[in-house]
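Please look over the sequence and the model below before reading the briefing. The points that follow are grouped by topic.

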Amino acid sequence: MDRSANIARPVPIPAARDVLELLKPVTWFPPMWAFFCGVMSSGAPLNDRWLFLLGGVLLAGPMVCGTSQAVNDWYDRHVDAINQPERPIPSGRIAGRWGLYVALIGSALSLVLGAVLGFWVFIATIVGLLCAWGYSAPPFRFKMSGWVGPGVVALSYEGLSWFTGASVMSGGLPDSRVLLVILLYSIGAHGIMTLNDFKAVEGDTAMGVRSLPVTLGVANAARLACAVMALPQVVVIALLLNWGLAISAIAVTLLLAMQLVFMRRLLTDPNKYAPWYNATGVSSYVFGMLAAALGLGGWV
């Protein structure tokens, strides 16, 4: 009798290129941009804490964001086996439970780096990782809700990354004005995340994901997303003017005006123009973040 069949074959360690693909580098840019906005909003000289700056970039992008992608792919591996069988986990390039191990290792390393960068950065890292696991993992699965899911992603990608950048450079809790602007731009980013759901309406309907385009309809979800993006920026403009940061206020106003023009086209056919708006209106939104940050930091 051949007993070799009863011996489980060892699962190979995944190749570095497959782990990198699992971490989806293309998704790292938004949190790294928000982190840079946080750095600028702190007003701290860049050369004074450049090691902390580099550590923060690593934390916001490859570490926390990359870990969140690994968590998402692990818990969606059965869905990806149908929709994206070429992904590292369903394709077998990352076999066994290595997808989960990568997520756990990434979480642990993120916590270590966050602790090294400071108390408030460590707290932000904990919250970010809780959001990452809660978004994808049962029993929470925040992604199943069109209200909670986009909010969690917006908080992680924009708010916590900005907070991390400001805290890394200031060495403590950011200024109250910075915290208020962070909150407003995080709320606005909920609309951006809602737009990302337009491409998956059919799949979300089939899988029971209650995204806003599914529950409200595409047209109503698009109107809501536009309002959610625009109104916090109006408040930001008013605050910047009240704080005497006129140049930043003017810049944000002009960028918001551009978004409103783009929104008119978006609303004519949200399914068709959502990708186009992500390349135009969202770009104007994130440049507005930078304009506000430069004013808060005293750069303009």
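What follows is a briefing on charged pairs, helix packing, annotated spans and backbone details. The model is a predicted one, and a search of the whole structure finds eight salt bridges. Some of these share partners, and in that way D18, E21, K24, D73, R87 and R93 are joined into one network.

**Salt bridges**

- Side chains of opposite charge can pair when their charged atoms come close.
- R93 forms a salt bridge with D18, and the closest N and O atoms of this pair are 2.7 Å apart. Because R93 sits in the loop between helix 4 (77-83) and helix 5 (98-117) while D18 belongs to helix 1 (residues 16-22), the pair ties together parts that are 75 residues apart in sequence.
- The two partners can be described by their accessibility: R93 counts as partly exposed at 31% relative accessibility, whereas D18 is buried, with a relative accessible area of 7%.
- D73 forms a salt bridge with R87, with 2.7 Å between the closest N and O atoms. D73 lies in helix 3 (residues 50-75) and R87 in the loop between helix 4 and helix 5, so this pair ties together parts that are 14 residues apart in sequence. Both D73 and R87 are buried.
- D76 forms a salt bridge with R141, in which the closest N and O atoms are 3.2 Å apart. Since D76 is found in the loop between helix 3 and helix 4, and R141 in the loop between helix 6 (119-136) and helix 7 (148-170), the pair ties together parts that are 65 residues apart in sequence. D76 is buried, its relative accessible area being 11%.

**Packing of helix 12 and helix 13**

- Helix 12 (residues 246-268) packs with helix 13 (residues 270-296) at an angle of about 175 degrees, and their axes are 9 Å apart. That angle makes helix 12 roughly antiparallel to helix 13.
- Sorted by class, the residues in the contact of helix 12 with helix 13 are 18 nonpolar, eight polar and one charged.
- V282 has its place in helix 13 and is buried, with a relative accessible area of 13%. When residues up to four places away in sequence are not counted, V282 touches I192 and Y277.
- The C-alpha atom of V282 is separated by 9.9 Å from that of G191, a residue 91 positions away along the chain.

**Spans annotated in UniProt**

- The unreviewed UniProt entry lists residues 50-71, 100-133, 145-164, 176-195, 245-263 and 275-299 under "transmembrane region".
- In the model, residues 100-133 are 97% helix and 0% strand, and the end C-alpha atoms of this span lie 11 Å apart.
- Residues 176-195 are 100% helix and 0% strand, with end C-alpha atoms that are 30 Å apart.

**Backbone details in the loops**

- The peptide bond from P138 to P139 is cis, with omega near 10 degrees, and P139 is placed in the loop between helix 6 and helix 7.
- R141, which is also in the loop between helix 6 and helix 7, has a phi near 50 degrees, a positive value in a residue other than glycine.
- K24 is not a glycine, yet its phi is positive at about 50 degrees; K24 has its place in the loop between helix 1 and helix 2 (29-42).

Technical notes. Residues are numbered from 1 along each chain as its sequence is written. This is a predicted model: local features need pLDDT of at least 70, side-chain atom pairs count only at pLDDT 80 or more; totals for chains, interfaces and linings use all residues. Side-chain values use heavy atoms; hydrogens and water are left out. Axes are lines fitted to C-alpha atoms, for helices over the stretch in contact, and angles run from 0 to 180 degrees between N-to-C directions. Helices (H or I, at least four residues) and strands (E, at least two) are DSSP runs, numbered from the N terminus. Angles under 35 degrees count as roughly parallel, over 145 as roughly antiparallel, 65 to 115 as roughly perpendicular and the rest as oblique. Ala, Val, Leu, Ile, Met, Phe, Trp, Tyr, Cys and Pro count as nonpolar, Asp, Glu, Lys and Arg as charged, and the others, Gly among them, as polar. UniProt positions are given in the numbering used here, feature names are shortened, and annotations may be inferred rather than shown by experiment. A salt bridge is a side-chain nitrogen of Lys or Arg within 4 Å of a carboxyl oxygen of Asp or Glu. Buried means under 20% relative accessible area, exposed over 50%, partly exposed in between (1.4 Å probe, protein chains only). Contact means heavy atoms within 4.5 Å.
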